[in-house]
Amino acid sequence: MSGDVRAWLSQRSPQPVFDLAPWLDTARTGDHCASGLTRLGCQALDRALSVPGRVRASALHLLAADALITFACEAALEADDPEQQLERILREVGTR
């Protein structure tokens with residue numbers, strides 16, 4: 001499956017309960033959904049890790065990372081080879 005990350009997310013039902021717009025600003029048009037969402041989720045996770053502690057900003061980045069990586073897994077299930085896509089997501093997230 002290919003397509004724009006924003007377009008793919010807009011078709012989800014129910015819609016994300018967390019506003020992901022700030023994290024989608026770096027989405028590239030044409031990003032493969034699973035890889036694009038994984039990249040965005042890892043960026044949010046990196047931001048959370050860069051400001052550790054009990055600060056609201058790191059918590060919001062962590063919530064965004066969770067949502068984006070969860071959607072990446074959902075998108076991977078729509079791919080031709082979901083197992084390979086899920087393994088790639090795990091490897092990429094696991095390097096953080």
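Mentor: Happy to; we will take the labels in turn and set each value against its definition.

Mentor: Please keep in mind that this is a predicted model, where local features need pLDDT of at least 70, side-chain atom pairs count only at pLDDT 80 or more, and totals for chains, interfaces and linings use all residues. Residues are numbered from 1 along each chain as its sequence is written, and side-chain values use heavy atoms, with hydrogens and water left out.

Trainee: What makes cysteine 33 buried?

Mentor: Buried means under 20% relative accessible area, exposed means over 50%, and partly exposed is in between (1.4 Å probe, protein chains only). Cysteine 33 has a relative accessible area of 1%, so it is buried. Cysteine 73 has 28%, so it is partly exposed.

Trainee: Why is the contact of glutamate 74 and arginine 12 called a salt bridge?

Mentor: A salt bridge is a side-chain nitrogen of Lys or Arg within 4 Å of a carboxyl oxygen of Asp or Glu. For glutamate 74 and arginine 12 the N to O distance is 2.9 Å, so the pair meets the rule. As for the names, helices (H or I, at least four residues) and strands (E, at least two) are DSSP runs, numbered from the N terminus.

Trainee: Which label does arginine 12 get, buried or exposed?

Mentor: Arginine 12 is buried, because its relative accessible area is 13%. Glutamate 74, at 32%, counts as partly exposed.

Trainee: What else does arginine 12 form a salt bridge with?

Mentor: Arginine 12 also pairs with glutamate 78, the closest N and O atoms being 3.2 Å apart. This pair links distant parts of the chain, with glutamate 78 in the loop between α4 and α5 and arginine 12 in the loop between α1 and α2, 66 residues apart. Glutamate 78 is partly exposed, because its relative accessibility is 37%.

Trainee: How do you know that arginine 96 forms a salt bridge with aspartate 46?

Mentor: Their closest N and O atoms are 2.8 Å apart, so the pair passes the distance test. Arginine 96 is in the segment after α5 and aspartate 46 in helix α3 (residues 33–50), 50 residues apart. Arginine 96 is partly exposed at 40%, and aspartate 46 is partly exposed at 34%. Salt bridges that share partners join Arg12, Glu74 and Glu78 into one network. By this rule the count for the structure comes to four salt bridges.
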